[in-house]
Amino acid sequence: MANQLTEDTEKLLPQEAVGISEPLGEIAFSLDDAPMPSTAIFNGVEKTERIIQALQDANCPAVGIFAIGKYAHTPTGLKRLHMYAEAGHIIANHSYSHYKLNDITAQDFIEDIKKAHEILSPLPSFKLLFRFPYLAEGKDEVQRQEVIQYLQSMGYREGYITVNNHDYYMSKLLVDAVKAGKIIDHEKLKNLYVSILWDCIISVDKLSHKVLNRKVKHVLLLHENDLAALFIGDLIEHIRKQGWKIISIEEAYEDPLALMPVTNTYSLVGRLGAIAIQKGLDKKLAVFPETAEYSYIPRALKQQQIFKSPVFNP
Ligand SMILES: [Zn+2]
């Protein structure tokens, strides 16, 4: 990890010195499952306010807010989505109930998309972008096509991702630790969050060169959770320090990747990963780096003593 960062930073410096402005990579941010419920750390409104403020402080281009209809149906839910819209961010459809398509019929799933569309489409910055909950695109190609044809008939484009990770799991572990009265080392937690996400970004980026032989405009999947509310500004700063550019979600979806046919269903590896597997790359190579695996997160939290029990005097 440390070596990787040093390497990338060194690559950047000579470029800066000669004033070459081409970034080493480009990435847009997306926040799923908004407006997420309150937790023991932040209430919902606080969380949204913090994220918007951090994005504004970093002068971050429009992020994609992939909203869940049922969360918008809460007393402050719709207001929070309006806050994102007013701050210039894009609101998109992530279904009403957050069902996994693989578990229900295509028709029930379509009804659920419509229900979310009714609530979300009047928002001022709403765009016809849809992201499958759990990135699950159906149990087979027939089911997937039924939903995709409906989406196309409505004018929706797919709000795909290229960089997946387990930020939701790490955020859950943080909330559990706070509830258990642990003392949180925020500096170490920030470094772990940022380094895991950076690892995920560069590992997928390598895949783009390997499979497509070019740079792609990436889309990072994050959730509207407490970790984002704490550290999204630090993440942006880190990515920029590596010589990368943060782009708007709409610019990211202008990449030709958006038009490449994908047939995989239930691809957690994102669009590039799905294309890589379609092109015959071993599935294991298309998935996450070791640091992004579920088991790595609790292990690193423990090893680095990020959540500590309060010290009691003997
Ligand atoms: Zn989701």
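This is a guided tour of a predicted model, going from the whole chain to single residues.

Residues are numbered from 1 along each chain as its sequence is written. Because the model is predicted, local features need pLDDT of at least 70 and side-chain atom pairs count only at pLDDT 80 or more, while totals for chains, interfaces and linings use all residues.

**The whole chain**

Begin with everything selected: the C-alpha atoms fill a box of roughly 60 × 50 × 35 Å along the principal axes. The radius of gyration, taken over C-alpha atoms, is 20 Å, which agrees with the value near 20 Å for a compact globule of 314 residues (the globule rule being 2.2 Å times the number of residues to the power 0.38). Colour by secondary structure and you will find 13 helices and nine strands, which are DSSP runs numbered from the N terminus, helices being H or I of at least four residues and strands E of at least two. Buried residues make up 41% of the chain; a residue is buried if 20 or more other C-beta atoms, placed from the backbone, lie within 10 Å of its own, exposed if 12 or fewer, and partly exposed in between.

**The annotated span**

Select residues 27-157 next, which an unreviewed UniProt entry annotates as "domain: NodB homology"; UniProt positions are given in the numbering used here, feature names are shortened, and annotations may be inferred rather than shown by experiment. This span is 43% helix and 17% strand, and its end C-alpha atoms lie 19 Å apart.

Move to Ala34 and Pro35, which are joined by a cis peptide bond with omega about -10 degrees. Pro35 belongs to the loop between β1 (25-34) and α2.

**Helix α2**

Now select residues 44-57, the 14 residues of helix α2. Gly44, Lys47, Thr48, Ile51, Ile52 and Leu55 are buried there. Seen down the helix axis, these buried residues fall within an arc of 125 degrees, so they line one face of α2; the arc is that of the directions from the helix axis to the C-beta atoms. They pack against α4 (77-86) and α9 (226-241), whereas Gln56 and Asp57, on the other side of α2, are exposed.

Centre on Leu55, which is buried because 24 other C-beta atoms lie within 10 Å. Leaving aside residues up to four places away in sequence, Leu55 touches Cys60, Val63 and Ile232, where contact means C-beta atoms, placed from the backbone, within 7 Å. After α2 comes Asn59, whose phi is positive, near 55 degrees.

**Strand β3 and its partners**

Select residues 90-93, strand β3, in which Ile90 and Ala92 on one side and Ile91 and Asn93 on the other are all buried. Four bridges join β3 to the parallel strand β2 (residues 64-67), and Phe66 stands opposite Ala92. Two bridges join β3 to strand β4 (residues 126-130), also running parallel, with Phe130 as the bridge partner of Asn93; strands pair if DSSP finds at least two bridges between them.

**Two residues with positive phi**

Go on to Ser95, in the loop between β3 and α5 (106-120), where phi is near 80 degrees, a positive value in a residue other than glycine. Ser95 counts as buried, with 24 C-beta neighbours inside 10 Å.

Finish at Asn213, in the loop between α8 (186-211) and β7 (217-223). Its phi is positive too, near 60 degrees, but Asn213 counts as exposed, with 7 C-beta neighbours inside 10 Å.

Notes. The expected span of a helix is 1.5 Å times one less than its number of residues. Two residues are in contact if their C-beta atoms, placed from the backbone, lie within 7 Å.
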